[in-house]
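Trainee: I would like to go through this model by question and answer. Could we have it in view before we start?

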Amino acid sequence: MGSVCFIVDAMVTGEMLPRHLKSIRESGVADHLLPILVTATHAQERLSAIEQRYHTHSLITPVRPLGARLNKAASASQAEWLIIALQKKPLPSDLWGALYPQLNTYSLDALIIGFTQPSLPERILRRLLVSALIFPPYIAVRRAWLERLGGFDPELDDSRAIDDFLQRLHAFPTRLKSYSGHLLSQAEEPATRTLPNAPDTICTPRP
């Protein structure tokens, strides 16, 4: 598979952080092949214990918004693919083992991880609730594409930073698909706030 680095923010995942790390480490791939960067705003005693237990590396950026923390982690890694946690919900370890082979391709820029294609009623509800923010558990994005998008907005924090990035991901001609377990498919806007004039597919060709 292409080189992979996980970025998991301690503020985003909260008390579920250890479950995220446990899931990643139980994926069946040797630990040294899967670097994990844990971002946080301040050093914590639990982060030291987590580093030792799950072989992670903490990046402490005091008083920095989430966008800046994620950008710092992305710049600290040289991996081809960055897999970034976007909410508290962890994913089962067997999903990761099935996902890695999907990253051996140059036909994708990003993968939305953790959602199947929404049903018709769900899609209608999302169009009605324009203000609702629906984030996937994770996103995998090719480093080169993240840089082309300009990374995360370093001035934005929490859900605003994630929402802004996902909207730009959809606004650009991103080769984007959704992934859930062994299912790899095109899906209609599973990750972002639905816009009134949004296209019906999230996978658009490059010009």
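Trainee: How many aromatic pairs does the structure hold?

Mentor: This is a predicted model, in which local features need pLDDT of at least 70 and side-chain atom pairs count only at pLDDT 80 or more, while totals for chains, interfaces and linings use all residues. Residues are numbered from 1 along each chain as its sequence is written, and side-chain values use heavy atoms, with hydrogens and water left out. Rings of Phe, Tyr and Trp (its six-membered ring) pair if their centres lie within 6.5 Å. The number of such aromatic pairs here is four.

Trainee: Which geometry do the rings of Phe6 and Trp96 have?

Mentor: Planes under 30 degrees apart count as stacked, over 60 as edge-to-face and the rest as tilted. The centres of the Phe6 and Trp96 rings are 5.0 Å apart and their planes stand at 90°, so the pair is edge-to-face.

Trainee: How many residues apart in sequence are the parts that this pair of Phe6 and Trp96 ties together?

Mentor: Helices (H or I, at least four residues) and strands (E, at least two) are DSSP runs, numbered from the N terminus. Phe6 belongs to strand β1 and Trp96 to helix α5, so the separation in sequence of the parts joined is 90 residues.

Trainee: Is Phe6 buried or exposed, and what about Trp96?

Mentor: Buried means under 20% relative accessible area, exposed over 50% and partly exposed in between, with a 1.4 Å probe and protein chains only. Phe6 has a value of 0% and is buried. Trp96, at 0% relative accessibility, also counts as buried.

Trainee: What is the angle between the planes of Phe152 and Phe165?

Mentor: Phe152 and Phe165 are both buried. Their rings lie 4.3 Å apart, centre to centre, and form a stacked pair with a plane angle of 25°.

Trainee: With which side chain does that of Thr39 make a polar contact?

Mentor: Thr39 sits in strand β2 and, at 1% relative accessibility, counts as buried. A polar contact is a pair of N or O atoms within 3.5 Å; within protein, one must be able to donate a hydrogen and the other to accept it, and residues adjacent in sequence count only if both atoms are side-chain atoms. At 2.5 Å, the side-chain partner of Thr39 is Asp9.

Trainee: How far apart in space are Ile139 and Ile113?

Mentor: Ile139 is placed in strand β6 and is buried at 0% relative accessibility. Ile139 and Ile113 are 26 residues apart in sequence, yet their C-alpha to C-alpha distance is 5.5 Å.

Trainee: Against which elements do the buried residues of α3 pack?

Mentor: Leu47, Ile50 and Tyr54 are buried in α3. They cover an arc (taken over the directions from the helix axis to the C-beta atoms) of only 60°, which puts them on the same side of α3. The face turned away from that buried side carries the exposed residues Glu45 and Gln52. The buried residues of α3 pack against α2, β2 and β3 (57–60).

Notes. Contact means heavy atoms within 4.5 Å.
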